[in-house]
Amino acid sequence: MKWAENARTEAHQPLEPNPHVCGEKTTNSYPWEDNMKHTIAAFIGTLALSASIAQAEQSIVLGHTLSPASHYGIGADAFLAKLAEVSGGEFTGTQAPAGQLGGERDMIEGLQIGSLDVVITSTGPLGNFVPEVYALDLPFLFRDYDHARAVLDGDVGQELLGKINDNQLVGLAWSENGFRHVTNSQRPVLTPADLDGLKLRTMENRVHMEAFSQMGAAPTPMAFPELFTALQQGVVDGQENPVTVITASKFWEVQGHVSLTGHVYSPAVILASPTLLDGLTDEQRGWFYEAAAASAAATRAEVNRLEDAGVALLRENGMEVITDIDKAPFAALAQPAYAVYTDEYGTELVERIQAVQ
Ligand code: EAX
């Protein structure tokens, strides 16, 4: 709205003390000129003020760790487009992709202190803020995508968004990252024995770290924006992420092997800053929930697409993909990781998740 900006700038000038208007008069200045200038100034001032009240335009920043073309990037675009649409242009925004504003832990902290507006993140570091969310990170808990989506779209998902809201964050909607698989630069992984001693980057997540130690790897927690370089320089041998992230981040440039272990389902969640949302009306807050729902739907559609096309894409880019894996021995070894959550919070939530059809 350029005209409004111009009106605002122009309106400021006559209102500021101006020696040529209000001070000593120059020879070619007449009293009626002064009056007219004041009238025009007041008129432009009123115009600018009413324009800014009518628009109250706000531009928000949405952060995430992946590329703009990723499933998060697509979700971010969908969020911003829906928000602009339902708010009639009152809220617009831009994405800060690729960890420009830090790793997922940093960005969650940014929401809490109000330096960031909206974030799409995995649950990787979220358990550090909202421990109940660890229940979703347990290995071999979700049977398949239908199961995971039914849990997140049902009562358990709603309750966990509520827990998020109790921790200086606003949980807008569950989105998706996908089932995670192991990649590495050393060897094909077919059995847990192949993980032995492998230096594997994990998210900063106690449940995941425990699961991988139990399965025989040497887990190294690290923020996502450091990962590509760490793989490239051999600081770690491997990592684990869904096909969505492996393709979006071109991990084939630094990893030769991928095994479809599907060891854990990785939700994503769309979070907002209470600093932003608490200052809004109910109607305005509703727009953010609508935007988040549109975003999650767009992201899940892209996850579906890559679940179908991803393996071929990985192979085309030179990765050796092991698709046929007996998951039972991995699951048996990973089982003690459940205690990281259940020792403190009990088994009730886990059993409820398992019971969802
Ligand atoms: O959320 O840190 C990770 O491995 C995540 O899967 C990634 O940042 C996307």
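## The ligand and its surroundings

How far does a polar side-chain atom of E104 lie from an oxygen atom of the ligand? In this predicted model, the distance is 2.6 Å. For R201, a polar side-chain atom is placed 2.7 Å from an oxygen atom of the ligand. For N241, an N or O atom in the side chain is 2.7 Å from a ligand oxygen atom. The ligand taken alone exposes 270 Å², and the protein buries 99% of that area.

The residues that surround the ligand are T65, Y72, E104, S122, N177, R180, R201, M203, F224 and N241.

## The largest pocket

The largest pocket of the model has a volume of about 170 Å³.

## Two loop residues with positive phi

F140 has a phi near 55°, which is a positive value in a residue other than glycine. F140 is located in the loop between β3 (118-122) and α5 (145-153). Its relative accessible area is 23%; F140 is therefore partly exposed, since this class lies between the limits of 20% and 50%.

K250 also has a positive phi in a residue other than glycine, here near 50°. The loop that contains K250 runs between α9 (243-248) and β8 (257-272). With a relative accessibility of 42%, K250 likewise counts as partly exposed.

Is D155 buried or exposed? D155 is exposed, because its relative accessible area is 59% and the exposed class begins over 50%. In the chain, D155 is part of helix α6, which covers residues 155-165.

D155 can also be considered together with R352. These residues are 197 residues apart in sequence, while their C-alpha atoms are 9.7 Å apart in space.

Notes:
Residues numbered from 1 in each chain as written. Predicted model: local features only at pLDDT ≥ 70, side-chain atom pairs only at ≥ 80, totals over all residues. Heavy atoms only, no water. 1 Å grid on protein atoms, 1.4 Å probe; cavity = no way out; pocket = protein on both sides within 12 Å on 5 of 7 lines; lining within 4 Å. Points joined across faces, edges and corners; volume = space filled by probe spheres on them. Helix = DSSP H or I, 4+ residues; strand = E, 2+ residues; numbered from the N terminus. Buried < 20%, exposed > 50% of the residue type's maximum accessible area, 1.4 Å probe, protein only. Near = heavy atom within 4 Å. Polar contact = N/O pair within 3.5 Å; in protein donor to acceptor, adjacent residues only side chain to side chain. Areas by Shrake-Rupley, 256 points an atom, 1.4 Å probe, with all protein chains shown as cover.
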